[in-house]
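Subject: Structure handover

Hello,

Here is the structure I said I would pass on. Please open it beside this message and follow along.

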Amino acid sequence: MSGDDKAAGAYRTIGEVAATTGVAPHVLRYWETRFPQLRPLTRAGNRRYYRPADVALVGRIHRLLGTEGYTVKGVQKLLAIEEPAVEAPANLNDPSAMLTAIRDRLQHALDAA
């Protein structure tokens, strides 16, 4: 099944994101080390699952670096100004961790408003 066959809100694998955006998987892994906002979910065996917001962010980073002429450092600064990273919980099966992450995201949104 290709990434285009999935529902809009479905998570994507690194291969699907690479095929959709034209960004190679090794570049996506590198970007994860450079942009704290890009944090796909990781499961067993370090498999990455990108949320729709992650895919949109990959597209934006790709456009800023490739088309608009930003440097990695420039994109880092731009993203840091716009929206600080919100960490995903380490254990996605822990309801308490999920609720804490949701609370933190809501608090962040209220603080930014």
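This is a predicted model: local features need pLDDT of at least 70, side-chain atom pairs count only at pLDDT 80 or more; totals for chains, interfaces and linings use all residues.

Strand 1 pairs with strand 3 over 2 bridges, in the antiparallel sense. R12 has Y50 in strand 3 as its bridge partner.

The loop between strand 2 (41–43) and strand 3 (47–50) holds N46. Most residues other than glycine have a negative phi. N46 is not glycine, yet its phi is positive, near 60°. N46 is also exposed, because its relative accessible area is 54% and the cut-off for exposed is over 50%.

Helix 3 covers residues 52–66. With 15 residues at 1.5 Å a residue, helix 3 should span 21 Å, and this agrees with its end C-alpha atoms, which are 21 Å apart. Which residues of helix 3 are buried? They are D54, V55, L57, V58, I61 and L64. These buried residues pack against strand 1 (12–13), helix 1 (14–21), helix 2 (25–34), strand 3 and helix 4 (72–82).

L99, I102 and L106 make a nonpolar surface patch of about 310 Å². I102 belongs to helix 5 (residues 95–112). I102 counts as partly exposed because its relative accessibility is 45%.

Regards

Terms used. Residues are numbered from 1 along each chain as its sequence is written. Side-chain values use heavy atoms; hydrogens and water are left out. Patches are made of residues with over 30% relative accessible area and no salt bridge: like charges are joined within 9 Å, nonpolar side chains (Val, Leu, Ile, Met, Phe, Trp, Tyr) within 5 Å. Accessible areas come from the Shrake-Rupley method with a 1.4 Å probe; for residues, only the protein chains shown count as cover. A salt bridge is a side-chain nitrogen of Lys or Arg within 4 Å of a carboxyl oxygen of Asp or Glu. Helices (H or I, at least four residues) and strands (E, at least two) are DSSP runs, numbered from the N terminus. Buried means under 20% relative accessible area, exposed over 50%, partly exposed in between (1.4 Å probe, protein chains only). The expected span of a helix is 1.5 Å times one less than its number of residues. Contact means heavy atoms within 4.5 Å. Two strands pair if DSSP finds at least two bridges between them.
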